[in-house]
2 protein chains.
Amino acid sequence: MQTAYNIVPIGIVHNKDDDVRVEVYPQYEKALLGIEQFSHILVLYWFDENDTPEGRSILQVHPCSNPKNPLTGVFATHSPRRPNLIALTKCRIVAIDGTSITVDRIDAYDGSPVIDIKSYFPEEEAASDYRFPEWDRNKEG
Amino acid sequence: MQTAYNIVPIGIVHNKDDDVRVEVYPQYEKALLGIEQFSHILVLYWFDENDTPEGRSILQVHPCSNPKNPLTGVFATHSPRRPNLIALTKCRIVAIDGTSITVDRIDAYDGSPVIDIKSYFPEEEAASDYRFPEWDRNKEG
């Protein structure tokens, strides 16, 4: 049951000043064919700074690192504390130059390992189909 | 650069007849606190049936396994062929019983390893903000 799976970085995040890019390693260039047809991509990266047994054992957090928000299970959040350190973020493509995808913004630290990219299709349900809590998104504490 | 990261299953998909559930392993129960506040969750699972060096080396596919669709890089698709076999799907929560989350439907095979769950917040952009190709979603070939 406790089989483990292996993830390899397929690229790296650049996020410094005006340089906001997802750089895919050259050996994966073919995997980008047709990505220019999309306005947005989903970028999956690895919260590598938390990749310690302790970091991966935290199961509850105050969302948005804000103590005003109720203690919540990490599976009910997008917290960088979780058993498998997969981050998911949606980015708008600004430009593509070979294996380098400039995006509008990304919530990843500079140097974060990219582990997957998926094309983004907008949701089909109406906004009224969704229910979610109103957390305070100001970071504190 | 070719560091590898380790993923451990945090649960399993049940998808047989009327039993459509994401079952989280008991040691992660605390990570579910508050998930009932959401109508939808993102379920990340592992395409374990393709976890071979050959399966992970395929970089281009015809989307939806339909030869009518143009050859496309896997990063521009949600194909189960990709370097890191991470699947992402959105599910509506129907019921929660302890560590067992019944969902409306899931596009995963019965027995697929679940590797992460994230709460779902609906998108903030208008539908007109998105651009994407119109693939034929009928499965063929």
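This dialogue walks through a predicted model of two chains, one feature at a time.

Visitor: What kind of model is this, and how are its residues and chains labelled?

Guide: Residues are numbered from 1 along each chain as its sequence is written, while chains are lettered from A and ligands numbered from 1 in the order in which they are written. The model is predicted, and local features need pLDDT of at least 70, side-chain atom pairs count only at pLDDT 80 or more, and totals for chains, interfaces and linings use all residues.

Visitor: What pLDDT does chain A average?

Guide: pLDDT is the predictor's confidence in each residue, from 0 to 100, and where it is low, the predicted coordinates should not be read in detail. Chain A averages 93, with 97% of the residues scoring at least 70, and for the complex the predictor gives an ipTM of 0.93 and a pTM of 0.94.

Visitor: How many residues does each chain bring to the contact, and which elements take part on the side of chain A?

Guide: Two residues are in contact if their C-beta atoms, placed from the backbone, lie within 7 Å. Chain A brings 54 residues and chain B brings 54 residues. Strands are DSSP runs of E, at least two residues long, numbered from the N terminus, and those giving two or more residues to the side of chain A that touches chain B are S1 (5–7), S4 (40–46), S6 (72–73), S7 (86–97) and S9 of chain A. S9(A) gives the most, with five residues. By type, this side of chain A divides into 32 nonpolar, 14 polar and eight charged residues, where Ala, Val, Leu, Ile, Met, Phe, Trp, Tyr, Cys and Pro count as nonpolar, Asp, Glu, Lys and Arg as charged, and the others, Gly among them, as polar. Because 100% of the interface residues of chain A are also interface residues in chain B, the copies meet through the same surface.

Visitor: How do S1(A) and S1 of chain B pair?

Guide: Two strands pair if DSSP finds at least two bridges between them. S1(A) and S1(B) (residues 5–7) pair in the antiparallel sense over three bridges, and the bridge partner of A:Tyr5 in S1(B) is B:Ile7.

Visitor: Is A:Asp116 buried or exposed, and what does A:Asp116 contact?

Guide: A residue is buried if 20 or more other C-beta atoms, placed from the backbone, lie within 10 Å of its own, exposed if 12 or fewer, and partly exposed in between. A:Asp116, found in S9(A) (residues 113–119), counts as buried because it has 25 C-beta neighbours inside 10 Å. Leaving aside neighbours within four places in sequence, A:Asp116 is in contact with A:Ile10, A:Leu44, B:Arg82, B:Asn84 and B:Ile86.

Visitor: Which strands make up the closed barrel of chain B?

Guide: The six strands run S2-S3-S8-S7-S4-S9, with antiparallel pairing. Within chain B, S4 (residues 40–46) and S9 pair over five bridges, with B:Asp116 as the bridge partner of B:Leu44.

Terms used: Helices (H or I, at least four residues) and strands (E, at least two) are DSSP runs, numbered from the N terminus.
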